Amino acid sequence: MPIYDYIYGTVDKNSNTLYENSVKRNEESPNVVHLTHLTTPESIYHLRLGFAYLASKPYSSVWYLWLLWPVTLWFMVLTKIYRRTFVVERNRFDQIRLQTWAIPTYRVQGEELNRYGEVYVKKHPQLKVKLVDGSSLAVAVLLNSIPKGTTQVLLRGNLTKVAFAVTFALCQKGIQVIVLREDEYEKLDKSFGTKFEDNFSKSYSSCKVWLVGDDFTEEEQRKATEGTLFIPFSQFPPKKLRKDCFYHTTPAMQTPMALENVDSCENWLPRRVMSVWRIAGILHALEGWEEHECGYTMCNIDKVWEACLKHGFQPLRVPIQSKS
């Protein structure tokens, strides 16, 4: 530790010059930027610039962070004042340079950021940067997470772009989609017309596979039968209430070992597991695709899935059982 060299007069006179020369380099321009934002007030401590110990593990609530509430409140005020993004992670995959930028807003403030980016494409039609929301890869991962031989799937949660797309794909495969709420049933029926009306049902007594998203309530979760597999289609996982059921992660895949500098976890995902929304941007760069994937536009699901496997990303096959 340098402090002892300063105390005992053994500091190398060239140390400062060597350090200054070593940090001089041109700023790298990334090929792919993943935009993220804070979720809960204490989530800032789980970034690499917070506590490295927490960043290296999947996100979980720890009691001692409550002792830092004065500091946490100060950070919340600071995010309202300092409105610029900042780099939280740099990676490299083959010849692709990756960066993760954090936007200083929280989940409750970030609704506008999560509307698929179509507004930016319309506002800037000559935009050279390609916007990718990862919906097609999310659908591909969800379809491959459903156990083979499944004939019924229950859908519950806010009907997003991903929810509509995965429902359409399931109906094409002849899998019956069960919907709990009348308003959701009407939206799907209106969207697909009479083409798949025989594929929809409201009876869920024996359904063992549930696709769930935001607005999935605890009461609805308790109605599931023993052994039910919950597969989230949203970016946030449901609270694990059932010891007798299985919980899949949010749409994600195992990263190849060629991905460098992975020393932190992405939210609640294990180390070296990456969300599909982040992987999709990497695939766009690797494959040289020129189209946007935002708004209501989606890439070919089979093409995206095959490209993902080709580059070494692997599906997560084992669901996580609740330990609560």
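Domain bounds here come from an automatic or database domain assignment. On that basis, the protein splits into domain 1 (3-106) and domain 2 (152-252). Keep in mind that you're looking at a predicted model.

**Domains and an annotated stretch**
- The centres of domain 1 and domain 2, taken over C-alpha atoms, sit 38 Å apart.
- An unreviewed UniProt entry marks residues 63-82 as a "transmembrane region".
- In the model, residues 63-82 are 65% helix and 0% strand, and 28 Å lie between the C-alpha atoms at the two ends.

**A look at Val166**
- Val166 is part of helix 7 (residues 161-172).
- Its relative accessible area is 0%, so Val166 is buried.
- Setting aside neighbours within four places in sequence, Val166 touches Val139, Leu142, Leu143 and Leu211.
- Val166 and Asn26 are 140 residues apart in sequence, and their C-alpha atoms are 44 Å apart in space.

**Where helix 10 meets helix 11**
- Helix 10 (residues 276-287) packs against helix 11 (residues 301-310) at an angle of about 85°, and their axes are 10 Å apart.
- Angles of 65 to 115 degrees count as roughly perpendicular, so helix 10 is roughly perpendicular to helix 11.
- On the helix 10 side, the contact is made by Ile279, Leu283 and Glu287, while helix 11 brings in Val304, Ala307, Cys308 and Lys310.
- What kinds of residues make up the contact of helix 10 with helix 11? Five are nonpolar, two are charged and none is polar.

Conventions. Residues are numbered from 1 along each chain as its sequence is written. This is a predicted model: local features need pLDDT of at least 70, side-chain atom pairs count only at pLDDT 80 or more; totals for chains, interfaces and linings use all residues. Side-chain values use heavy atoms; hydrogens and water are left out. Axes are lines fitted to C-alpha atoms, for helices over the stretch in contact, and angles run from 0 to 180 degrees between N-to-C directions. Helices (H or I, at least four residues) and strands (E, at least two) are DSSP runs, numbered from the N terminus. Angles under 35 degrees count as roughly parallel, over 145 as roughly antiparallel, 65 to 115 as roughly perpendicular and the rest as oblique. Contact means heavy atoms within 4.5 Å. Ala, Val, Leu, Ile, Met, Phe, Trp, Tyr, Cys and Pro count as nonpolar, Asp, Glu, Lys and Arg as charged, and the others, Gly among them, as polar. UniProt positions are given in the numbering used here, feature names are shortened, and annotations may be inferred rather than shown by experiment. Buried means under 20% relative accessible area, exposed over 50%, partly exposed in between (1.4 Å probe, protein chains only).
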